[in-house]
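I would like to go through one structure slowly, so please keep the picture in view while I talk.

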Amino acid sequence: MVVVFFGTPEFAVPSLRALVGEGFDVRAVVTQPDRPQGRSRSTLVPPPVKVAAQSEGLEVLQPERASDPALLHAVRRLAPDVGVVVAYGHLLMPELLQTPRRGMVNVHPSLLPALRGAAPIEWAILNGAEATGVTIMQMDVEMDSGPILHRLPHRIDPGTTGGELSDHLAEVGAQALIEALALWERDGLRPMPQDHALATYAPKLTREIARIAWAKPADVIVRQTLALDPRPGAWTQLDGHEVKLFQGSVATPSGSGVAGEVLPGDGRLLIAAGTGAVEVAEVQPAGKARMPVAEWIRGRAVIAGRRFR
């Protein structure tokens, strides 16, 4: 089966490596352009999929826009049986979706029709779900609404962060992709339309979504510190200065306080919520590296009675 692969971040790398490892004929890899990083913005850094593709000796295409006619021409030249899309980061035009003989399939990290959209991994944790999974879907012009080819469920263990869940689902997605394509090659799959009435959504994460509202219950805030770890990070302010909080857990302090207030904790960082309290393991002050709470509060006046807002 001749494949053209579309993907950009680390999440897509296991699927690409699985395709190559299982003997699929990956004719080309389409990924986003190298982007400047660092404080000076002078160093161009290739996306993880490009690095993986080059290590496998694969042709790499990096159009600035997926609507570039040159990309459509290149894909037509390659005459793929199927296109595989894993977190590419750009919408694909109908002409491109229809170019492979069997169309395009997508590796989506939720059990569709649940959590359609840009951030299904984080929203699964934010919503307090005990399970999620990966769906292999035939792509159409609407967002995450195409027929389902294959699904694999995955349990979300307590305390799992967004980064950890992403790593797990990247591997589950690679497995599901290979299983789906192998069955599809033998006409062993029948696309199943989604029940659109059951659809839920996972919108793009915004700065406001990442801000901690201390009036909420402790368990909701804890899920926020987990879901947004490592990026973008759940944030709050102390004395007007931003700080990100990570690895929260529900705590039972000896005292109580108003929402956002630092509670007595003997070297621990305990913060009152709307109901209950949150203990935080790591913090990242603005402009500084992430660090353990003990390192942050050592020698600082982060004492009981001060208040996060």
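**A walk through the predicted model**

Let me begin with a pair of charged residues, Asp 229 and Arg 290, whose side chains meet in a salt bridge with a distance of 2.9 Å from N to O. Asp 229 lies in the loop between helix 8 (218-227) and strand 10, while Arg 290 lies in the loop between strand 14 (277-285) and strand 15 (291-292), so this pair ties together parts that are 61 residues apart in sequence. Are these two residues buried or exposed, or something in between? Asp 229 has a relative accessibility of 5%, and because buried means under 20%, Asp 229 counts as buried. Arg 290, with a relative accessible area of 30%, is partly exposed. Salt bridges that share partners also bring in Glu 282, so that Asp 229, Glu 282 and Arg 290 are joined into one network.

Leu 115 counts as buried because its relative accessibility is 9%. Gln 247, which is not a glycine either, has a positive phi of about 55°, but Gln 247 is found in strand 11 and counts as partly exposed at 33% relative accessibility.

Let us step back to the whole chain for a moment. The chain has nine helices and 15 strands, and its C-alpha trace spans about 65 × 45 × 30 Å along its principal axes. Of the 309 residues in the chain, buried residues make up 50%. If we take the contacts in the chain with a separation of 6 or more, residues 24 or more positions apart account for 65% of them.

How many salt bridges does a search of the whole structure find? The search finds 14, and one of them joins the side chains of Glu 59 and Arg 77, at 3.5 Å from N to O. Glu 59 sits in the loop between helix 2 (48-55) and strand 5 (60-61), and Arg 77 sits in helix 3 (residues 69-78), 18 residues apart. Arg 207 forms a salt bridge with Glu 242, and here the closest N and O atoms are 2.8 Å apart. That pair links helix 7 (residues 207-210), which holds Arg 207, with strand 11 (residues 241-251), which holds Glu 242, across 35 residues.

Leaving aside neighbours within four places in sequence, the residues in contact with Thr 236 include Glu 242, Ile 212, Trp 214, Phe 308 and Arg 309. Thr 236 counts as buried because its relative accessibility is 0%. What does the side chain of Thr 236 reach at 3.0 Å? It is the backbone oxygen of Arg 309, and a polar contact of 2.9 Å also joins the side chains of Thr 236 and Trp 214.

My last stop is a pair of helices. In general, two packed helices are described by the angle between their axes and the distance between the axes. Helix 1 (residues 13-21) and helix 6 (residues 162-185) pack at an angle of about 35°, with their axes 8 Å apart, and the crossing of helix 1 and helix 6 is right-handed. On the side of helix 1, the residues that take part are Pro 14, Ser 15, Ala 18 and Leu 19, and the residues they meet in helix 6 include Ala 170, Gly 173, Leu 177 and Leu 181. Sorted by class, the contact of helix 1 with helix 6 has eight nonpolar, two polar and one charged residues.

Key. Residues are numbered from 1 along each chain as its sequence is written. This is a predicted model: local features need pLDDT of at least 70, side-chain atom pairs count only at pLDDT 80 or more; totals for chains, interfaces and linings use all residues. Side-chain values use heavy atoms; hydrogens and water are left out. Buried means under 20% relative accessible area, exposed over 50%, partly exposed in between (1.4 Å probe, protein chains only). A polar contact is a pair of N or O atoms within 3.5 Å; within protein, one must be able to donate a hydrogen and the other to accept it, and residues adjacent in sequence count only if both atoms are side-chain atoms. Contact means heavy atoms within 4.5 Å. Axes are lines fitted to C-alpha atoms, for helices over the stretch in contact, and angles run from 0 to 180 degrees between N-to-C directions. Helices (H or I, at least four residues) and strands (E, at least two) are DSSP runs, numbered from the N terminus. A crossing is left-handed if the near helix is turned anticlockwise from the far one by less than a right angle, and right-handed if clockwise. Ala, Val, Leu, Ile, Met, Phe, Trp, Tyr, Cys and Pro count as nonpolar, Asp, Glu, Lys and Arg as charged, and the others, Gly among them, as polar. A salt bridge is a side-chain nitrogen of Lys or Arg within 4 Å of a carboxyl oxygen of Asp or Glu.
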